[in-house]
Amino acid sequence: MRAERGLCDIVAETGPVRAMVLPSSGTGDRLTPCTGDWVAVRPAGPATSATVVAVLQRQSAVVRSTSSRTSHAQVLAANVDTVAVAVSLTDPLNLGRIERMLALAWESGAMPVVVLTKADRCADPASAASEVAGVAPGVEVLVTSATTGEGLDVLTAVLSGTVVLLGPSGAGKSTLGNRLLGEDLLATGTVRGRDGKGRHTTAWRELVPLPHGGVLLDTPGLRGVGLHDADDGLDQVFAEIGELARDCRFADCAHTTEPGCGVLAAVEDGRLTQRRLDSYHRLQRENTYAAARTDARLRAELERPLKQIARQVRALKQSSHFKA
C-alpha cells in the first residue's frame, strides 16, 4: 500500500485500488493510514470513489516525533517485521545516530538489523562493523556492497516478512533495495561531492514484493529522527547500562554524580565509554521531554525546577535592590 495526500493505493483481493481517505466521523481528525497498514475500504459506487473507512490495529509501527514542538508523532511504517538501518561506510560513523535509529527500531516491535553499505569504498569495513557492533547489542551488523554484491546473500537470508529500509539520504537504501529486488524499481541518485550528502530520490513510502518472499518498504531519507515514547527501545539499545545499574547504591540513581554508582565506576575503569553514557543521557532527556508534551503531570514536574530557579533569581534581585 502507498499513502499520500489523502489518497491510498491499496492491494485488494480484486487487484489494485485507489481510495480516498476521509475525516473520521465525529472527531474531525483524518484517518491516517500508513504504508504497511491493513485497512477497510468501502467500494466505489456509481457516483462515489472507493473510500478508506478504518485502519486495522497495527502489530508493529516505526514511529518518530515530528520536528515541530507539538505532541504529534509520525508513523513511518506499519506492520513491519524487520527494520534495516542503512549506514554508509563512505561517511564517518555517527554512532549517536545509529543508537537513535536502533531505539526507534526496537520500540517498533520489529527486529532491527544494521546494514553497512558501500563496503567497496571503505578501507577497513571489518573495523567499522566492529565499532558499530559495540553500540548495537543484540543486533546483527552486516557489511554489504551493492556494487560488488558483497554480503547480499547473507542479508537476503536475514531479512524476513515486511522489511523497511531506514537511513539518511545518501546511505544507499534505494540502490540496496534494487539489488534485493533484482531490478531497478526504486529511484536512485548520486551524492553531492562537496559534502557527501544524498538527494531525496525516494519521495514516498511504498511496498514492493521481494523475489525471495516478503515485501520491501523503501522510505525517503530521514534528516532528523526524534524519539517518541521509546522507553523500551532505549533499554534495548543501552542494555549494558541497565546491567551495570544493578550495582548502583541507590535504586533511583541517575548515573551523573551519585556516590556508589555502578555505571560511573564502569566509565572509570574502561568498561563503558563516556561517549556511550553521554548518548544515553541525551536520548533519555529527549524521550522524557517528548513524553511531557502529552503528559501534563510529567510536564509540571519537569518545569518545577525551572520555576524554582526563577523564583530564586527574582529573590536575589529584590534583595540586592533593597540593600542598595
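What follows is a quick tour, from the whole chain down to single residues.

## The big picture

First things first: this is a predicted model. Its protein chain has nine helices and 13 strands. There are 324 residues in the chain, and 42% of them are buried.

Now for the contacts. Take those in the protein chain with a separation of 6 or more: 60% of them come from residues 24 or more positions apart.

## A helix under cover

Helix 4 spans residues 173-181, and it's mostly covered. How many of its nine residues are buried? The count is seven: Lys173, Ser174, Leu176, Gly177, Asn178, Leu180 and Leu181. So a lysine, Lys173, sits on that buried list, because buried here means under 20% relative accessible area.

What does the covering? Just after helix 4 comes glycine 182, with a positive phi of about 85°.

## Asparagine 79 has a positive phi of about 55° although it is not a glycine. You'll find asparagine 79 in the loop between strand 7 (73-78) and strand 8. Is asparagine 79 buried or exposed? Its relative accessibility is 12%, so it counts as buried.

Lysine 118 is the other one to look up: its phi is near 60°, again a positive value in a residue other than glycine. This lysine is in the loop between strand 9 and helix 2 (125-133). Lysine 118 counts as buried because its relative accessibility is 16%.

## A negative patch on the surface

Let's finish on the outside. Which residues gather in a patch of negative charge on the surface? They are Asp229, Asp231, Asp232 and Asp235.

Zoom in on one of them, aspartate 235, and you're in helix 5, which covers residues 231-237. Aspartate 235 counts as partly exposed, because its relative accessibility is 49%.

Conventions:
Residues are numbered from 1 along each chain as its sequence is written. This is a predicted model: local features need pLDDT of at least 70, side-chain atom pairs count only at pLDDT 80 or more; totals for chains, interfaces and linings use all residues. Side-chain values use heavy atoms; hydrogens and water are left out. Patches are made of residues with over 30% relative accessible area and no salt bridge: like charges are joined within 9 Å, nonpolar side chains (Val, Leu, Ile, Met, Phe, Trp, Tyr) within 5 Å. Accessible areas come from the Shrake-Rupley method with a 1.4 Å probe; for residues, only the protein chains shown count as cover. A salt bridge is a side-chain nitrogen of Lys or Arg within 4 Å of a carboxyl oxygen of Asp or Glu. Lys and Arg count as positive and Asp and Glu as negative; His and the chain ends are not counted. The place of a charge is taken as NZ of Lys, CZ of Arg, CG of Asp or CD of Glu. Helices (H or I, at least four residues) and strands (E, at least two) are DSSP runs, numbered from the N terminus. Buried means under 20% relative accessible area, exposed over 50%, partly exposed in between (1.4 Å probe, protein chains only). Contact means heavy atoms within 4.5 Å.
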